[in-house]
Amino acid sequence: MEKARTVPDTYPLSLNLVVTGCNQKTSREPVMTVTDAQAQEALDDLKALSLVVESHGSRVAKYEHNFQRVYGVPDQSAALLGLLMLRGPQTAGELRINAERWHRFADISSVEGFLHELAERPDDKGGPLVVHLPRAPGEREARWAQLLCGPVEIAATSDSIAARALPTGAAGQNDRISALEAEVAALRATVQRLCAELGIVSPGGRDNGDERDKNQPADKETI
């Protein structure tokens, strides 16, 4: 669905291109590692559901999706569903931005209109295809998720969203702080050991050797 819109010159797709698209590392949530055999099995399953059409006009078999005809949704709704399948739950604003190469929506309200239509799809047409998730902690807007893979686990989805919402580098910053604390502790231990060997007072501590008379002037070694 993505490649039909973004790279129409190479569409329909061969099995190799299907695998490459599945294993793409950008614009994917989650990122997958699919083998040729797994992709072929999935394509065969989709063919049985009439969601994929296979053609043999060249030396290799080519595959194209038949999603819109089977589900009976307009191009705008298909674009939103495709993005939700590829990138996971998103806000209406994120969907509008990410859909730029798929379909240009006039504004966010236009995106929300199609989302609500998908969420309120009647049972005689197959039922809802998206759900509006509860707003996750720390999020200003609620996100939408697709239901093509079955009901959404709200708790797991909220945890995933919260993890993605962490500021970039937050985990790395915590790691750096922990490393610095460990380094300071090691340096402190080294200084205390050296002071004990030299018989001088360690910084912030007491004399590790014989206690000196506090009324006597400090000698050079103590200084």
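User: How many helices and strands does the secondary structure of the protein chain come to?

Analyst: The count is 9 helices and 4 strands. Helices are DSSP runs of H or I with at least four residues, strands are runs of E with at least two, and both are numbered from the N terminus. Read from the N terminus, the order is α-α-α-β-β-α-α-α-α-β-β-α-α. The model is predicted: local features need pLDDT of at least 70, side-chain atom pairs count only at pLDDT 80 or more, and totals for chains, interfaces and linings use all residues. Residues are numbered from 1 along each chain as its sequence is written, and side-chain values use heavy atoms, leaving out hydrogens and water.

User: What makes Gln-146 count as buried or exposed?

Analyst: Its relative accessible area is 14%. Buried means under 20%, exposed over 50%, and partly exposed in between, with a 1.4 Å probe and protein chains only. Gln-146 is therefore buried. Across the 223 residues of the protein chain, 28% count as buried.

User: Where is Gln-146 found, and which residues is it in contact with beyond its neighbours within four places in sequence?

Analyst: Gln-146 sits in strand S4, residues 144-146. Contact means heavy atoms within 4.5 Å.

User: Which backbone nitrogens lie by a polar atom of the side chain of Gln-146?

Analyst: The backbone nitrogen of Leu-148 is 2.7 Å from such an atom. For the backbone nitrogen of Cys-149 the distance is 3.4 Å. A polar contact is a pair of N or O atoms within 3.5 Å; within protein, one must be able to donate a hydrogen and the other to accept it, and residues adjacent in sequence count only if both atoms are side-chain atoms.

User: What span should helix H5 have, and how far apart are its end C-alpha atoms?

Analyst: H5 covers residues 75-87, 13 residues in all. The expected span is 1.5 Å times one less than the number of residues. That gives 18 Å, and the end C-alpha atoms are 18 Å apart, so the two agree. Gly-88 follows H5, with a positive phi near 80 degrees.

User: What do the buried residues of H5 pack against?

Analyst: They pack against helices H1 (2-6), H4 (67-71), H6 (92-98) and H7 (108-119), and against strands S3 (130-132) and S4. The buried residues themselves are Ser-77, Ala-78, Ala-79, Leu-80, Leu-81, Gly-82, Leu-83 and Leu-84.

User: What do you call the relation between H2 and H3, and why?

Analyst: The axes of H2 (residues 15-22) and H3 come within 10 Å and cross at roughly 100 degrees. Axes are lines fitted to C-alpha atoms, for helices over the stretch in contact, with angles from 0 to 180 degrees between N-to-C directions. Angles under 35 degrees count as roughly parallel, over 145 as roughly antiparallel, 65 to 115 as roughly perpendicular, and the rest as oblique. H2 and H3 are therefore roughly perpendicular. Leu-15, Asn-16, Val-18 and Val-19 of H2 make the contact with Asp-36, Ala-39, Gln-40 and Leu-43 of H3.

User: In what sense do S1 and S2 pair, and over how many bridges?

Analyst: S1 and S2 (residues 62-65) pair in the antiparallel sense over 4 bridges. Pairing takes at least two bridges found by DSSP. Val-52 has His-65 as its bridge partner in S2. A hairpin of 6 residues joins S1 to S2.

User: What makes Ser-50 buried, exposed or partly exposed?

Analyst: Its relative accessibility is 40%, which makes Ser-50 partly exposed. Ser-50 lies in the loop between H3 (36-48) and S1 (52-55). Leaving aside neighbours within four places in sequence, Ser-50 contacts Asn-66 and Val-70.

User: Which residues does a cis peptide bond join?

Analyst: Most peptide bonds are trans. A cis bond links Tyr-11 to Pro-12, with omega about 0 degrees. Pro-12 is in the loop between H1 and H2. Another cis bond links Glu-29 to Pro-30, with omega about 5 degrees. Pro-30 is in the loop between H2 and H3.
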